Amino acid sequence: MNEPMDFLIWTKGTAFNIAVTIFVIGVILRLFEVISLGRKQNLAEARGTEFGPGMKTILTRSIPDLGTFRRQPLTVVTGYMFHIGLFISLFLFVPHIELFRATFGISWPGLPTPIVDAAAVLAIVGLLAGLWHRIMNPVMQKITTWEDWLVWALTFLPILTGYLAYHRLVNPYPVILGLHILSVEALMIAFPFTKLMHTFTVFLSRWYNGAMNGRRGVES
Amino acid sequence: MADKSTLGDSLRRHGVSRRGFLKFCTATASLMALPPTMVPAIAQALEKARRPSVIWLSFQECTGCTESLTRSHSPSVESLIFDHISLDYHHTLQAAAGDAAEAAREAAMHENKGKYILVVDGSIPLGDPGYSTIAGISNLQMLEETAKDAAAIIAVGTCAAFGGLPQANPNPTGAVSVADIITDKPIINVSGCPPIPTVITGVLAHFLTFGSIPELDQYNRPKVFYGQSIHDRCYRRPFYDKGLFAETFDDEGAKAGWCLYKLGCKGPMTYNACATTKWNQGTSWPVESGHGCLGCSEPRFWDAGGFYNALSVPISDNSQTVAFAGAAGLALGAAAAGINFKEKDAAQKAHETVTIDDLEKSS
């Protein structure tokens with residue numbers, strides 16, 4: 001009789017402690033590693049500066065590029081849908097903000113729940129369309145590795161279970177809330193060791209790209 | 001002892017008018033989500049219902065459930081239904097004591113074999129039978145003995161339904177619920193700490209009317225009362241959806257009646273009828289009085305996180321874990337960076353400049 005609640009309590013207690021420990025140690029370790037390794041020294045003569053083009057690329061790579069959009073519209077559209085949807089549902093849902101406040105000591109204002117709900121649907125549709133694109137597109141097929149499937153599933157499950165829990169579509173409630181928390185914990189544990197780390201390194205790598213091109217005197 | 005008089009006789013004796021009785025039947029039908037066409041059937045069945053024998057066993061409990069059921073309402077038809085049952089054994093309420101009390105229980109069991117309703121409040125200790133005994137009989141033994149010939153069992157309160165407070169971590173007595181022990185009888189869990197009085201009279205009325213138990217949810221609770229969450233029926237819900245929350249118990253938000261989620265309300269995970277039936281004859285209920293729901297009708301509510309922590313907050317204080325993990329990450333990261341810098345430095349020192357001439361010579 002008490003099993004659903006035992007499960008929820010375990011995910012909110014022991015499992016969360018394990019996941020947050022691995023996540024925090026892993027992310028900090030990986031960031032140190034990535035930053036301290038830096039890039040291989042380029043011995044060729046510099047034809048331009050690094051800093052300016054690096055900063056510029058952080059901006060230019062963050063807004064959609066018309067050429068890419070024409071060639072791969074789905075990549076661009078699903079990418080934005082999913083990332084914006086995920087950002088809103090993860091960071092602007094009040095219960096999540098309360099969790100950040102309790103765990104990391106920082107908080108910020110949230111959004112009304114109907115907006116968060118719509119954002120979650122946007123993220124789910126974006127991810128499903130992205131998956132379809134990955135399966136159907138020949139180029140995507142060739143460049144997809146097992147890690148891509150894993151990362152997709154680890155990202156999709158928290159949003160799906162969160163949606164199901166919010167709308168109470170699974171009974172009893174502690175089961176679906178527990179599954180939601182557990183799926184996030186799986187994501188947190190895999191986070192530092194997979195391409196999910198791009199969350200923290202995205203602007204850094206954009207800067208590197210711009211800086212390398214700038215040094216070569218190439219526009220990026 | 002169960003006598004031959006019907007509920008109709010009993011109500012008339014207490015001066016309840018036909019009109020009052022039908023009003024009660026209508027209210028019961030609507031409370032239990034039955035169609036209005038059922039009202040005459042309910043009235044007829046209740047009218048003719050014989051006094052059922054009820055044996056009430058109290059184990060590891062605080063008597064809060066009995067207090068709730070017997071004292072929270074002023075005399076009403078509901079309480080007369082409650083009076084009407086032949087409460088043949090109840091520690092707190094019966095006049096008899098000692099051997100006489102136990103004899104009453106045994107007589108009721110014997111005379112109404114297979115027909116009596118067993119009500120249990122309190123959890124049963126399995127750790128050591130000595131933790132809770134009545135007349136030298138352990139709770140486990142008394143429950144097994146009394147449940148054997150019961151028609152149905154009503155587990156009143158969260159302790160009897162799920163283990164409740166006695167089962168809270170670290171559960172020193174090894175407390176378990178009725179359903180953990182009895183598996184071959186219909187069990188109706190009327191959870192809550194304490195449960196709403198109307199819920200138990202509703203369950204009894206259902207039993208008297210249909211001779212069966214109402215439809216139950218996954219936790220064996222009557223769906224009519226436990227079918228919806230506090231959160232979904234809360235009158236403060238619009239504030240939750242708008243993102244308007246009380247941050248402390250005395251801020252402007254609290255005064256304006258905003259949502260109590262951030263102050264620890266467990267309404268979203270709690271299924272009970274408080275938001276609709278309210279307490280003390282519909283006067284108020286916890287959230288209306290300005291305090292968040294504790295989630296008392298759910299299993300292990302005592303262990304499910306601090307009462308004043310938001311539902312989404314982890315159970316243990318994670319700030320220390322995060323601080324330690326952060327320190328460990330920094331230490332490991334610094335070590336990794338040190339090794340990386342050393343390697344890069346060595347590579348740079350070992351670097352030799354190669355000219356075209358060198359390459360031509362070696363080829």
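A: A polar contact is here a pair of N or O atoms within 3.5 Å; within protein, one atom must be able to donate a hydrogen and the other to accept it, and residues adjacent in sequence count only if both atoms are side-chain atoms. By that rule, 15 residue pairs are in polar contact across the interface of chain A and chain B, with both residues of each pair at pLDDT 80 or more. The model is a predicted one, and every value below is computed from it.

The largest share comes from H2 of chain A, with 12 residues. By class, this side of chain A divides into 26 nonpolar, 10 polar and 7 charged residues.

In total, the contact brings together 43 residues of chain A and 53 residues of chain B. The two chains bury about 4100 Å² between them, and carbon and sulfur atoms account for 63% of that area. On the chain A side, A:Met1, A:Lys12 and A:Arg168 supply 18% of the area buried against chain B, more than any other three residues.

One of these three, A:Arg168, also has a backbone feature to note. Its phi is near 50°, a positive value in a residue other than glycine. A:Arg168 sits in the loop between helices H9 and H10 of chain A. The loop between H9 (146–166) and H10 of chain A also holds A:Pro172, and the peptide bond from A:Asn171 to A:Pro172 is cis, with omega near -10°.

Now the charged pairs. Side chains of opposite charge can pair when their charged atoms come close. Between chain A and chain B the count is 4 salt bridges, while the count over all chains comes to 21. One inter-chain pair joins B:Arg300 in the loop between helix H15 (274–277) and helix H16 (319–350) of chain B to A:Asp6 in helix H1 of chain A. The side chains of B:Arg300 and A:Asp6 meet with an N to O distance of 2.7 Å.

The partners have unlike secondary structure. Chain A has 11 helices and 0 strands, and its pattern along the sequence is accordingly a run of α elements. The C-alpha trace of chain A spans about 70 × 35 × 35 Å along its principal axes. Chain B comes to 17 helices and 9 strands. With a radius of gyration of 30 Å, well over the 21 Å that the globule rule gives for 363 residues, chain B is more spread out than a compact globule. The C-alpha atoms of chain B fill a box of roughly 120 × 50 × 45 Å along the principal axes.

Chain B is divided into domain 1 (1–39), domain 2 (51–222) and domain 3 (228–328). The C-alpha centres of domain 2 and domain 3 of chain B lie 29 Å apart, and their contact takes 19 residues from domain 2 and 17 residues from domain 3. The area buried between these two domains of chain B is about 1400 Å², with carbon and sulfur atoms giving 63% of it. Within domain 2 of chain B, B:Leu165, B:Ile196 and B:Arg221 lose the most area to domain 3, together 31% of what that side buries.

The rule finds 1 salt bridge across this interface of domain 2 and domain 3 of chain B. B:Arg221 is also in a salt bridge with B:Glu298, their closest N and O atoms being 2.9 Å apart. The interface of these two domains of chain B has 5 residue pairs in polar contact, both residues at pLDDT 80 or more. The side of domain 2 of chain B that touches domain 3 has 9 nonpolar, 9 polar and 1 charged residues.

Chain B has a cis peptide bond too, from B:Cys193 to B:Pro194, with omega near 0°. B:Pro194 is placed in the loop between strand E9 (187–190) and helix H10 (197–210) of chain B.

Methods:
Residues are numbered from 1 along each chain as its sequence is written. Chains are lettered from A and ligands numbered from 1 in the order in which they are written. Side-chain values use heavy atoms; hydrogens and water are left out. Domain bounds come from an automatic or database domain assignment. Contact means heavy atoms within 4.5 Å. Buried area is the accessible area (1.4 Å probe) that two parts lose on being put together, summed over both. Ala, Val, Leu, Ile, Met, Phe, Trp, Tyr, Cys and Pro count as nonpolar, Asp, Glu, Lys and Arg as charged, and the others, Gly among them, as polar. Helices (H or I, at least four residues) and strands (E, at least two) are DSSP runs, numbered from the N terminus. The radius of gyration is taken over C-alpha atoms; the globule rule is 2.2 Å times the number of residues to the power 0.38.
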